[in-house]
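Here is a quick tour of the structure below. We'll go from the layout of one chain to the way two chains meet.

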Amino acid sequence: MRKLSIYLTTFFISILLFLTITGKIQEYIPLFVTIVVLAILILSYMYFEKSAMGTKEIAVIATLSAFAGVGRAIFAFAPGVQPTTFIVAISGFVFGPYEGFLVGSTAAFISNIFLGQGPWSPWQMFGWGIVGVISGIIGKARANISVEKFSVICFLYGFLFDWIMNLWHVLGYIRPLTLKSIISAYALGLTFDVLHAISNFLFSMIFFERLVRVLRRFKRRLEITYIR
Amino acid sequence: MKRNYNIFHVLTLAFTSIILMIIIFSCESPLILTGIFIYFLVVFITCGHSKDIKDGFKYFAPFFAVTLIINMIFVTDGTIMLFKAFGKDFTLESLIVSFMLSFKLLLIMYLFMMMGIMIDSDRAVSFFSSKMPKSTLMMMVTFKLFPSMKNRLVTLKQIYSIRGVDFEGKGMRERIKAFIPILSILLESSLDGAFDIGEAAYVKGFLSGKRTVYDRQTFGRKDYIVTLYAFLLIVVYLFFRISGSLNFDIYIGIDVSKFINLGAITVFIMLLMLAALILILTEENEDGLHRY
């Protein structure tokens with residue numbers, strides 16, 4: 001089942017890329033993209049069901065998800081400014097790509113129960129999930145990354161996440177889809193993208209070292225004390 | 001009398017919602033979209049959630065503005081000119097498309113709101129905990145922690161305000177910096193608590209044995225009826241969609257037969273019948289029991 005989930009996810013993404021390149025079936029793209037995003041999320045959770053994680057690991061991921069979700073609510077004073085992206089990134093960085101994906105997608109889903117579910121929910125789950133995955137890969141490759149480098153990566157996450165979020169609106173509700181209309185739609189949200197990116201950078205510069213220490217300590221505790 | 005749509009199985013509601021989502025995303029026919037809108041109105045009004053219709057508009061307003069602006073300003077296709085401004089033609093076609101795309105966006109929002117109303121969270125958790133125990137456990141723990149963490153954060157903020165921390169600093173950096181002690185404390189104490197939650201969940205049978213179910217949902221007659229009807233709806237819709245009678249491109253030309261034709265009318269009536277069907281199936285007997 002775990003392998004099947006990986007193969008199917010890869011297959012869906014490949015088909016999606018192919019369709020985007022050919023551009024012949026523009027009217028069906030919103031439907032197909034939405035189904036692919038939902039399928040990837042479902043497959044990821046199916047993969048999670050077959051993982052070896054125990055209740056303690058699950059509780060830690062759930063706690064980080066709630067923590068990331070709460071971050072959205074407390075920084076509501078400024079649009080685009082919220083620490084969720086940074087918390088998801090740092091969780092993925094310390095715990096790994098798959099855990100990062102789970103923290104990101106669960107944080108989006110749960111916080112939207114309180115803030116309002118909508119067509120944006122699967123996309124937020126997907127966007128923050130991707131942020132978690134990339135950070136996890138970075139964490140595995142370079143565990144001792146400098147604060148500055150990680151902060152620059154977080155800065156870029158601001159654009160990555162917002163561009164994924166813009167996709168559902170652009171693909172679904174702009175016709176005809178031309179390069180000009182797409183660029184215009186993205187340009188309208190550029191101010192928020194920049195604010196998000198800057199706030200990610202600041203959150204990382206201020207909190208990175210402190211939170212990495214905390215998370216690594218808990219990761220060690222998980223590895224030492226848990227009995228399967 | 002308020003209708004209770006929670007009597008349907010989670011899978012029935014999920015399946016019907018997916019069918020409606022497919023139609024909304026892939027359909028351009030105003031008549032069919034109106035049919036779906038009527039279905040949502042019936043659900044909202046009959047289950048006492050009329051306020052959600054207004055709330056949906058509130059969420060929808062900013063997206064509507066952006067959709068309208070982009071489609072009207074940046075798309076120049078169309079032949080019937082409404083007015084000219086800033087050296088640019090504003091066409092009737094682009095206005096109609098903007099309204100239609102915005103309408104689809106509103107329908108998608110209503111769909112998610114309707115799912116929230118119709119799907120009973122306890123029953124959904126009960127169902128999914130036997131099928132996907134790990135995901136359900138994770139969602140349950142997060143769901144439980146979210147409000148308590150939020151309250152704790154407010155309390156911590158008050159304490160640190162009294163101690164002199166200024167959360168209303170001038171720059172973004174100052175404001176973020178003020179949260180250093182709060183977020184660190186909250187994260188550490190929450191993660192400490194996570195270990196206790198994990199152990200408690202294990203003791204209560206999560207991932208350690210078979211858990212009993214208090215109120216197991218069964219896939220009853222009403223679920224078969226609605227599921228089969230929804231399946232029939234999508235088959236009929238796809239038939240007319242593939243045959244080309246639902247193809248609707250305003251930029252090619254405004255033609256009444258593109259709005260109202262056999263395919264659009266059939267699917268429209270089927271959507272109204274779906275609304276009638278769920279009303280009949282959720283009708284209560286005199287003793288308060290459901291018919292099926």
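How far apart do the C-alpha centres of domain 1 of chain B and domain 2 of chain B lie? The two centres are 39 Å apart.

## Ground rules

This is a predicted model, where local features need pLDDT of at least 70, side-chain atom pairs count only at pLDDT 80 or more, and totals for chains, interfaces and linings use all residues. Residues are numbered from 1 along each chain as its sequence is written, chains are lettered from A and ligands numbered from 1 in the order in which they are written, and side-chain values use heavy atoms, with hydrogens and water left out.

## Chain B, piece by piece

Domain 1 of chain B comes in two stretches, 5-123 and 218-281, while domain 2 covers 130-203. Those bounds come from an automatic or database domain assignment.

An unreviewed UniProt entry puts "transmembrane region" at residues 7-25, 31-48, 60-83, 95-113, 224-240 and 260-281 of chain B. UniProt positions follow the numbering used here, with shortened feature names, and annotations may be inferred rather than shown by experiment. Take two of these stretches: residues 7-25 are 84% helix and 0% strand, with end C-alpha atoms 28 Å apart. Residues 224-240 are 100% helix and 0% strand, and their end C-alpha atoms sit 24 Å apart. Helices (H or I, at least four residues) and strands (E, at least two) are DSSP runs, numbered from the N terminus.

## Where A meets B

Chain A brings 74 residues to the contact and chain B brings 62, with contact meaning heavy atoms within 4.5 Å. About 6,600 Å² is buried between the chains, and carbon and sulfur atoms give 81% of that. Buried area here is the accessible area (1.4 Å probe) that two parts lose on being put together, summed over both.

## Salt bridges

The whole structure has seven salt bridges over all chains, counting a side-chain nitrogen of Lys or Arg within 4 Å of a carboxyl oxygen of Asp or Glu. Between chain A and chain B the count is three. What does A:R221 pair with? Its salt-bridge partner is B:D192, with the closest N and O atoms 2.9 Å apart.
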